[in-house]
Amino acid sequence: MMEYLQVIFSNPIINATILSWFVAQLIKIILVMITTRKLDLSRMFGSGGMPSSHSSGMVALSAMVLRTCGFSSVEFAICFSFSLVVMYDAAGVRRATGKHATIINRMMKLYNDGENIFGEKSLKELIGHTPLQVVMGALLGLIIGFSCPI
């Protein structure tokens, strides 16, 4: 098992991607702590919020692959394209899903005074990202992707 972990963590591209995701999630915890004055460690593994860890990780991955393989490489083209899809999804589809959840939760509260007849108290509303959150995640990913050693 330890051999596999050494192989995984010996890859600087994976390390930068994980680091970028981790830093973005840590920033979310700090921002929530500043605004609510409460430590919410659940933000470490939650989606949504500032900055987008999805964008951060994908852009760090793309930046590292750009640095190692070059702009014209197939590997960079794949990473770059995948990053665009992830960021579009975060600010588009997942954000719309969160808005739908907000509306459904309000409707359920009006319908049966807060008790969800479908078994759950409420739907998760913080799923996607605003365009600013995606851009800030991408900037964080760029910084980390171009700062990490290869």
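This is a predicted model: local features need pLDDT of at least 70, side-chain atom pairs count only at pLDDT 80 or more; totals for chains, interfaces and linings use all residues.

Guide: Residues are numbered from 1 along each chain as its sequence is written, and side-chain values use heavy atoms, leaving out hydrogens and water.

Visitor: What span should the 25 residues of helix H2 have?
Guide: Helices (H or I, at least four residues) are DSSP runs, numbered from the N terminus. The expected span is 1.5 Å times one less than the number of residues. For H2 (residues 12-36) that gives 36 Å, and its end C-alpha atoms are 36 Å apart, which agrees.

Visitor: Which residues of H2 are buried?
Guide: Buried means under 20% relative accessible area, exposed over 50%, and partly exposed in between (1.4 Å probe, protein chains only). In H2, Ile 13, Ala 16, Ser 20, Ala 24, Gln 25, Lys 28 and Ile 29 are buried. They pack against H3 and H6, where contact means heavy atoms within 4.5 Å.

Visitor: How does Ser 42 count by its relative accessibility?
Guide: Ser 42 counts as partly exposed because its relative accessibility is 49%. Ser 42 sits in the loop between H2 and H3.

Visitor: At what angle do H3 and H6 pack?
Guide: Axes are lines fitted to C-alpha atoms, for helices over the stretch in contact, and angles run from 0 to 180 degrees between N-to-C directions. Helix H3 (residues 53-69) packs with helix H6 (residues 131-147) at about 35°, their axes 7 Å apart.

Methods: Helices (H or I, at least four residues) and strands (E, at least two) are DSSP runs, numbered from the N terminus.
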